[in-house]
Amino acid sequence: MKILFIFLLFIVYFALSLSLESTKAIGIYLIISLLLFFWGVVEWRRTINRRNNENRRRCEELLAEIPHTQSLISDNLLNVMLIDDVNNILYILQRDSLEEDFSIENIPFFQVLEAAIVEEEHVVNLYPKEGLLGSTLVNNEGIMDEDLDEDEDEEDDEEEFIEALCLKIVVDDLTNPILEYPFIEYGKSLEIDSEEYMEANSLCNEWYQKLCIIIKRYEHDKVVVRLWQ
């Protein structure tokens, strides 16, 4: 309400400045209207920050009820990944809006079968190297990692924007075998050399490595799910 009142005053003073004949009076009213405008912007930003901080506090309070040793919370507070290294459980929490409750997937470590970094529907890293997610590889040939050929390097260099980046996880659950945690949402475009993309990519790789370690712990007990022939 306060912000609305400030912007209404801005409109009033700006309108008055256009109706006056005295140059001095016009200047004074313009200055006042500009000050009111910037004051309104500052108050609006403060309100947004307070709301974001309150939403994050509420989210952290909800997560505190779930035992965990490591956490990853998306900026929009809609996606959460938790690791409980004591009880060996991976949690993935997701919701469509801040008003909704989280849907919670709790996966024992031994049920985590595969992990992949997927960039714009192309798998760029996969562990283990053979499995369900391998079918999404370009030409179904090998992982696009440090062994990329020169042509693929050139294609990557030509791309300037990334519109989607996520972790995909295959779990031993027939009802919901593939889980996804987004780092860049579909529809949000980031420049490859931007700081925001680099941070998202670094965080994605960090949690991919954690999932690889989890899989490695139980790898000797598993039979890798191979591609359909």
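So, helix α4: Y197, A200, C204, W207, Y208, K210, L211, C212, I214 and I215 are buried there, where buried means under 20% relative accessible area with a 1.4 Å probe, counting protein chains only. Now, α4 has 23 residues, which at 1.5 Å a residue should span 33 Å, and its end C-alpha atoms sit 34 Å apart, which agrees. That expected span is 1.5 Å times one less than the number of residues.

A quick word on the source: this is a predicted model, where local features need pLDDT of at least 70, side-chain atom pairs count only at pLDDT 80 or more, and totals for chains, interfaces and linings use all residues. Residues are numbered from 1 along each chain as its sequence is written, and side-chain values use heavy atoms, leaving out hydrogens and water.

Okay, the core. A nonpolar core is a set of buried Ala, Val, Leu, Ile, Met, Phe, Trp, Tyr and Cys residues joined through side-chain atoms within 4.5 Å. The largest has 32 residues, and M81, L90, L167, I169 and F183 touch the most other members. Which element gives the largest share of this core? That's α4, with nine residues.

Take L167: leaving aside residues up to four places away in sequence, its contacts (heavy atoms within 4.5 Å) include M81, F183, C204, W207, Y208 and L211. There's also a second, separate core of 11 residues, with C59, L77, Y91 and L93 among them.

Technical notes
Buried means under 20% relative accessible area, exposed over 50%, partly exposed in between (1.4 Å probe, protein chains only). Helices (H or I, at least four residues) and strands (E, at least two) are DSSP runs, numbered from the N terminus.
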